[in-house]
Protein chains: 4
Amino acid sequence: MAEIVTRIADADATSITVRGKDLVGELIGRRSFTEMFYFLLVKRFPTDGEARLLDACFVTLMEHGFTPSALIARLVMESMPSQPQAAIAAGLLSVGDVHAGTMDGCGAILHAGVASGEEPAAYCRRVVAEHRAARKPVPGFGHPFHKPDDPRTPKLLELAEKESLKGDYLRLLRQLAAEVDAVAGKHITLNATGAMAAILLEIGIPPAMLRSIAVTARCGGLVGHLVEEQDTKSARYIAELARANIPYKGD
Amino acid sequence: MAEIVTRIADADATSITVRGKDLVGELIGRRSFTEMFYFLLVKRFPTDGEARLLDACFVTLMEHGFTPSALIARLVMESMPSQPQAAIAAGLLSVGDVHAGTMDGCGAILHAGVASGEEPAAYCRRVVAEHRAARKPVPGFGHPFHKPDDPRTPKLLELAEKESLKGDYLRLLRQLAAEVDAVAGKHITLNATGAMAAILLEIGIPPAMLRSIAVTARCGGLVGHLVEEQDTKSARYIAELARANIPYKGD
Amino acid sequence: MAEIVTRIADADATSITVRGKDLVGELIGRRSFTEMFYFLLVKRFPTDGEARLLDACFVTLMEHGFTPSALIARLVMESMPSQPQAAIAAGLLSVGDVHAGTMDGCGAILHAGVASGEEPAAYCRRVVAEHRAARKPVPGFGHPFHKPDDPRTPKLLELAEKESLKGDYLRLLRQLAAEVDAVAGKHITLNATGAMAAILLEIGIPPAMLRSIAVTARCGGLVGHLVEEQDTKSARYIAELARANIPYKGD
Amino acid sequence: MAEIVTRIADADATSITVRGKDLVGELIGRRSFTEMFYFLLVKRFPTDGEARLLDACFVTLMEHGFTPSALIARLVMESMPSQPQAAIAAGLLSVGDVHAGTMDGCGAILHAGVASGEEPAAYCRRVVAEHRAARKPVPGFGHPFHKPDDPRTPKLLELAEKESLKGDYLRLLRQLAAEVDAVAGKHITLNATGAMAAILLEIGIPPAMLRSIAVTARCGGLVGHLVEEQDTKSARYIAELARANIPYKGD
């Protein structure tokens, strides 16, 4: 087997090195969580604009009320109150194909489109037609109650416009949105996951790791639910609600 | 049962509210991950100094090489490559009593000491004596290879000194360190978890949630290991190392 | 470091060995799940009576309706439908200090009592008095709705009486129950976790591993919830119930 | 929304009902773990032969030495020794697409083939040709070190032959094995996951739940690793092995 190495971290008695930087001399006190996250993921530091946009995506994703992840974290917290990391871990398991998948799915479409070099309008026509034929929504479009527009989307796109980005993914997203509307014959919501997919690709996040931004954001957000759970004891009430509203029926 | 409410988040067709703030108008593009994390946890925004110290703690904790959490995340990534959130969740389960416990333990000592109003020197003498009697190290002290000093500790304390903090927890920590050395008859390393326990209490993190800072930091750090795992396929090698070095022995 | 070995399993091109037995020749087709579980845990095969009692405990613990573990498993299943192991793993995290803890706690009392050799009546008086002083229920006693008696308890104790057991733990449990009633001045339910703690200790399960019987039983039981979730889509409904019944309240 | 019901369990003060059976009167002491598992999953009790085959599959899958699941469970146990359910949960996350996927994949082929009613030889030719074209192994075939034959496979097939089964899935598996060999021009190992996929379908396990048999078996098996970990402290050694053998390399 070829030698396997790591390029992440090293330590000796007097120093800790992270991707070639001295942790104490170059990172602690000089870099934010967001910059360090980007550095570990992309292997270079973000520009100020890239860091601002990554923060905007983090802030957008951190908190959404009683999502499955929050419910799960509260239920585990009630069961194992001394181990908040277990409640967080369980909650993060639900940031999966369904709840973070539209960002992944929209990102994959945008990434493939830019990588292919195909003429954007033609590419978008083909993608929308394929989804229509499969009777599937185009990922990044539609929202259960933010209609006609997701309030987060224009804000995120406006922030992106202020930064000097190459812009390929954002342009393709706008083209895709126009095509989605044209084929539907009406305006379909471009939701926040679609906008974030384009923005995160613009700032260099690898397509296979888009979901990790949602996971990390939600990790931070779940901490707020654990704090509230300590006060309100909602977990027992949620279990009672389920029992009271989902009756047993014999065969 | 008394009515249970949530004070975290609300949404309607055109807006999302998080702890009374409008997500689009007041948070996205205006606040960083670190400020938002603090806001969700402490229920007010941090001062700039508090945010700087929280970032310093996050950066200190994000990456430590092949910790159990990194090994676990890599092993799960190899088993379920399409679901990075599962790899992260599994890795976070190990940020528990042993690996994040010294921060919790040191924080509990500092919190109880300040809350009690006991004379600091007397309190520290009692705490150190109790640990000595139980043959347990005082949490926050000692390190397997950062000797005589943990390089992160002076950096963290230096950063804390630059900010205007009340200082009770930091003073008690210094007193505790002096007492640990006096009783041991030699210098014992004040490690980074001890320094961070004091700093996080200074900036208002609830004692029961100190661990959540380690969990969130590590969540971000694990993403870097998943990216590397995609390239190096270390998980199979780690399993082979275990099999080759832990032989089977019949009874 | 001393050499570390494993006594669990070995394999070569033509055979697999588990704790000294040939998997193909001695285990597959000859042993049940329950016997193999006992063998891996206790390092010898159970007698027929021990296997019957372990099965009785497994069956008792497998299914309890909409427990936190079932709710969590359903919520994760909805989020990541292709990965049932993630739903099961998340659900099992809630089989923790609160929901499996009474079996652990009662088992610890019974184990310490028998190990100490203290006169049983005196031991039980002391234990019950200590719990009363701390205003804590004695683990294994009391039940939210199975009153005055948990219907599972007499059945489990009756099954235990049919087998030839040493009986120390069961006798101590009866003594403890008498003392609990005497001190309370009324009959307190001896619940199923109390009975199972005594039975599992009688058949040689290590006290620190009592919880693993609950975890394994619940693992099997959660599979039934995943099958039902595929049909009923209860997870979205549970999340809606929580949102509808736990209103947002601004500060 | 249509009313959602559960058909799994109900309880009142004096009784517990599981899928229409009285837990105390009809299940505890009368049914084994394996029968109860089948009952919860398939919604009827197994015949004796079905239970024997399910036990044979469980026993085959419970223990495989230092698999990723065992390594992960040991690493989490070291980090959170008081919570064995967390160690088990983390380990089970690795029973995923890679390590349980071949049983799922082979089961999907067998299920689709029988459901389609296509002529078996033609179906197998098509399936093998498609995998060859995609340069993918046919799931259920090949093994890294059990060559030329997996010792578990003939044993499992021999046990299946003793029972009165319809036999469609087993016949299709034999046809598939013949075609795999014919196309390869040499004998390819039919591994245990292939044999178990056919057997579990024969006894009525739903194709989407084949993996749950591996998950439940491994849950039981991991308990043995936790017991050994308490004695040997292998987790720290495994982490040291990784650090010593995967050196840091700066960019």
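Select D:Glu161 to start: this side chain is exposed, at 58% relative accessible area (exposed means over 50%, buried under 20%, partly exposed in between, with a 1.4 Å probe and protein chains only). You are looking at a predicted model, where local features need pLDDT of at least 70, side-chain atom pairs count only at pLDDT 80 or more, and totals for chains, interfaces and linings use all residues. Residues are numbered from 1 along each chain as its sequence is written, chains are lettered from A and ligands numbered from 1 in the order in which they are written, and side-chain values use heavy atoms, with hydrogens and water left out.

**Stop 1**

D:Glu161 sits in helix 8 (residues 152–162) of chain D and D:Arg174 in helix 9 (residues 168–184), so the pair ties together parts that are 13 residues apart in sequence. Helices (H or I, at least four residues) and strands (E, at least two) are DSSP runs, numbered from the N terminus. D:Arg174 counts as partly exposed, at 42%.

Next, pick D:Arg126 and D:Glu130, another salt bridge, with the closest N and O atoms 3.3 Å apart. Both are in helix 7 (residues 120–133) of chain D, 4 residues apart, or about one turn of the helix. An α-helix has 3.6 residues a turn, so residues three or four places apart point the same way. D:Arg126 is partly exposed at 37%, and D:Glu130 is partly exposed at 45%.

**Stop 2: over to chain C, then chain A**

Show C:Lys43 with D:Asp231: here the salt bridge has its closest N and O atoms 3.9 Å apart. This pair crosses between chains, from the loop between helix 2 (33–42) and helix 3 (48–62) of chain C to helix 11 (residues 210–232) of chain D. C:Lys43 is partly exposed at 43%, while D:Asp231 is exposed at 56%.

For a network of salt bridges, select A:Arg74, A:Glu228 and A:Glu229. Over all chains, the structure holds 64 salt bridges.

**Stop 3: helix 8 of chain A**

Colour residues 152–162 of chain A; among the buried ones are A:Leu156, A:Leu157, A:Leu159 and A:Ala160. What do the buried residues of this helix pack against? Within chain A, you'll find helix 3 (48–62), helix 9 (168–184) and helix 10 (192–202), and from chain B, strand 2 (16–18) and helix 1 (23–27).

**Stop 4: chain D against chain A**

Show just these two chains. A rotation of 180° with 0.0 Å of shift along its axis puts chain D on chain A, RMSD 0.0 Å (least squares on the C-alpha atoms of residues with pLDDT of at least 70 in both). That is the relation of a two-fold axis. To find the axis, go to D:Ala86, whose C-alpha comes closest of the residues of chain D, at 3.7 Å.

Now select the interface: 23 residues of chain D are in contact with 23 of chain A (heavy atoms within 4.5 Å). 100% of the interface residues of chain D are also interface residues in chain A, so the copies meet through the same surface. How many salt bridges does the rule find across it? The count is 0.

Methods: Salt bridge = Lys/Arg side-chain N within 4 Å of Asp/Glu carboxyl O.
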